[in-house]
Amino acid sequence: MFDRVRARLGRLGAPQPPAEPSVGLFVDGPNVLRDEFDVDLDDLRDAARDLGRVGVIRLYLDEHATPGLIQAAEARGFEVVVTSGDVDVKLAVDATALAGDGTIDRLAIASRDTDFKPVLEHAGTLGVETVAIAPGSYGRSDALRNAADEAMTLEAQN
């Protein structure tokens, strides 16, 4: 019996393989889900999964969002946050809070809005890896791309 306990305790002290980083994806719906970009929610979810273990995946929408969009996002695993005005402040506050409390190792923001540059910069100072996801080359923000550790561009669906 003691041999089994010793073996189990020995495994507890053994070096563990590095854990897959926890990813938080924050999507600026009004700036990403536009007809001219043709972004698919599945592509956004897959981009987050490529970055690590998805811990938080949120789509921020304003009060004009259609029930069909909300339902489609929820069916694809997104937590939908509907605001009564501009989504930027709510998204920025939530992303900054999660980067600061240790919930996520990587912060990915899908947007073309340079308003999120300070969020990426602050997360970087906390040791959180940052990723800027553009909804297409036309919708890419150079400021976001340059503030992030990594940049991705989603390709339009054909």
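Reader: Experimental or predicted?
Author: This is a predicted model.

Reader: Start with strand 1. How many of its residues are buried?
Author: Seven of the seven residues of strand 1, residues 22-28, are buried, so strand 1 is largely enclosed by the rest of the structure.

Reader: Which residues point which way from strand 1?
Author: S22, G24, F26 and D28 point one way, while V23, L25 and V27 point the other way. All are buried.

Reader: How many bridges join strand 1 to strand 2?
Author: Seven, and the two strands run parallel. Strand 2 covers residues 53-62. In that pairing, L25 has I57 as its bridge partner.

Reader: And what about strand 4, parallel or antiparallel to strand 1?
Author: Strand 4, residues 106-110, pairs with strand 1 in the parallel sense, over five bridges. There I109 stands opposite F26.

Reader: R106 is in strand 4. Buried or exposed?
Author: R106 has 19% relative accessibility, and the cut-off for buried is under 20%, so R106 counts as buried.

Reader: What does R106 contact?
Author: Beyond neighbours within four places in sequence, R106 is in contact with P21, S22, V23, G24, L51, G52, V128 and E129.

Reader: Cores next. How many residues are in the largest nonpolar core?
Author: The largest nonpolar core has 24 residues. Those with the most contacts inside this core are L25, V27, L44, L59, F78, A110 and I133. At least two residues of the core come from each of strand 1, helix 3 (41-51), strand 2, strand 4 and strand 5 (129-134). Helix 3 gives the largest share, five residues.

Reader: What does I133 touch?
Author: Leaving out residues up to four places away in sequence, I133 touches L25, L44, A47, A108, I109, A110, S111, M152 and L154. There is also a second, separate core of 22 residues, which includes V81, I104, L107 and F116.

Reader: Where is A73?
Author: A73 is in helix 4, residues 67-75. A73 has 0% relative accessibility, so A73 counts as buried. Not counting residues up to four places away in sequence, A73 touches L41, L59, F78 and V80.

Reader: Switching to helix 5. What span should its 13 residues have?
Author: At 1.5 Å a residue, helix 5 (residues 88-100) should span 18 Å, and its end C-alpha atoms are 18 Å apart, which agrees.

Reader: Which residues of helix 5 are buried?
Author: D88, L91, A92, D94, A95, L98 and A99 are the buried residues of helix 5. The elements covering them include strand 1, strand 2, strand 4 and helix 6 (117-125).

Reader: What follows helix 5?
Author: G102 follows helix 5, and its phi is positive, near 85 degrees.

Reader: Last topic. How many cavities of 30 Å³ or more are there in the whole structure?
Author: A search of the whole structure finds one. The largest cavity holds about 50 Å³ of space.

Reader: What lines the largest cavity?
Author: The lining of the largest cavity is S111, A132, I133, A134, R140, S141, L144, R145, A151, M152 and T153. Strand 5, helix 7 (142-147) and strand 6 (150-153) are the elements that give two or more residues to that lining.

How values were computed. Residues are numbered from 1 along each chain as its sequence is written. This is a predicted model: local features need pLDDT of at least 70, side-chain atom pairs count only at pLDDT 80 or more; totals for chains, interfaces and linings use all residues. Side-chain values use heavy atoms; hydrogens and water are left out. Buried means under 20% relative accessible area, exposed over 50%, partly exposed in between (1.4 Å probe, protein chains only). Helices (H or I, at least four residues) and strands (E, at least two) are DSSP runs, numbered from the N terminus. Two strands pair if DSSP finds at least two bridges between them. Contact means heavy atoms within 4.5 Å. A nonpolar core is a set of buried Ala, Val, Leu, Ile, Met, Phe, Trp, Tyr and Cys residues joined through side-chain atoms within 4.5 Å. The expected span of a helix is 1.5 Å times one less than its number of residues. On a 1 Å grid over the protein atoms alone, a cavity is a set of points where a 1.4 Å probe fits but cannot get out, and a pocket is an open set with protein on both sides within 12 Å along at least five of seven lines; lining residues have an atom within 4 Å of a point. Grid points are joined across faces, edges and corners, and a volume is the space filled by probe spheres set on the points.
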